[in-house]
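Dear colleague,

Please find the structure below, together with its sequence. My notes on it follow.

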Amino acid sequence: MTTWHRLGDQTELLARVPAAFTLDRWSVAVFHHDGRFRAIGNACNHKGGPLSEGRLHGEFVMCPWHAWEYSVITGKGPEGYDEEQVPVFAVEEREDGIYVQTPPVMPRNRGPRQARRRAAAGAGHLHHGDG
Ligand code: FES
């Protein structure tokens, strides 16, 4: 069963984002990008860093902990890492406010980046270019 959660009216939400919301059992990071609100899982696939506290570069948000990036539109990593993604939640901008739906329309997918990262464990510092 799906549930729509009202986050506030557009003005309220614009003043808050990027921000994390707990909706049912989901922690959701909400962004405003290219004129639209977007909602993805707040927990980074790497070690759970808070994506709502990351910086946006175009459509990608960079995790504040170790700089993995995710599209706020598709939830996927950048090119080369796009087999993995954080959950994506549907957003509706209605007359009476902005709504986000749970559960996500796209689930988390811990892709090969995680496996590669584990294989490389012990190799030392993690670089942004690793993903
Ligand atoms: S927890 Fe996000 S990059 Fe490590």
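**Notes on the model**

Three bridges join strand β6 (residues 60-62) to β7, and the two run antiparallel. Strands pair if DSSP finds at least two bridges between them; helices (H or I, at least four residues) and strands (E, at least two) are DSSP runs, numbered from the N terminus. This is a predicted model, in which local features need pLDDT of at least 70 and side-chain atom pairs count only at pLDDT 80 or more, while totals for chains, interfaces and linings use all residues. Residues are numbered from 1 along each chain as its sequence is written.

Within β7, Y70 is the bridge partner of V61. Both strands belong to an open sheet of three strands in the order β5-β6-β7, with antiparallel pairing. Its edge strands, β5 (55-57) and β7 (69-71), each pair on one side only. On average, neighbouring strands of this sheet are turned by 30 degrees against each other, direction ignored; the axes are lines fitted to C-alpha atoms, and angles run from 0 to 180 degrees between N-to-C directions.

The largest nonpolar core has 23 residues, of which V28, V30, A39, I40 and L51 touch the most other members. Such a core is a set of buried Ala, Val, Leu, Ile, Met, Phe, Trp, Tyr and Cys residues joined through C-beta atoms within 7 Å. A residue is buried if 20 or more other C-beta atoms lie within 10 Å of its own, exposed if 12 or fewer, and partly exposed in between, with C-beta atoms placed from the backbone. At least two residues of this core come from each of β3 (26-33), β4 (36-41), β8 (88-89) and β10 (97-102), and β3 gives the most, with four residues.

Leaving aside neighbours within four places in sequence, V30 is in contact (C-beta atoms, placed from the backbone, within 7 Å) with L7, V17, P18, A19, F21, F37, A39 and V100.

Some backbone features also deserve mention. Most residues other than glycine have a negative phi, and most peptide bonds are trans. V17 and P18 are joined by a cis peptide bond, with omega about -5 degrees; P18 is found in the loop between α1 (10-16) and β2 (19-23). Another cis peptide bond joins T102 and P103, with omega about -5 degrees, and P103 is in the loop between β10 and α2 (112-119).

D34, in the loop between β3 and β4, has a positive phi near 55 degrees. D34 counts as exposed because it has 10 C-beta neighbours inside 10 Å.

Kind regards

Methods: Two residues are in contact if their C-beta atoms, placed from the backbone, lie within 7 Å.
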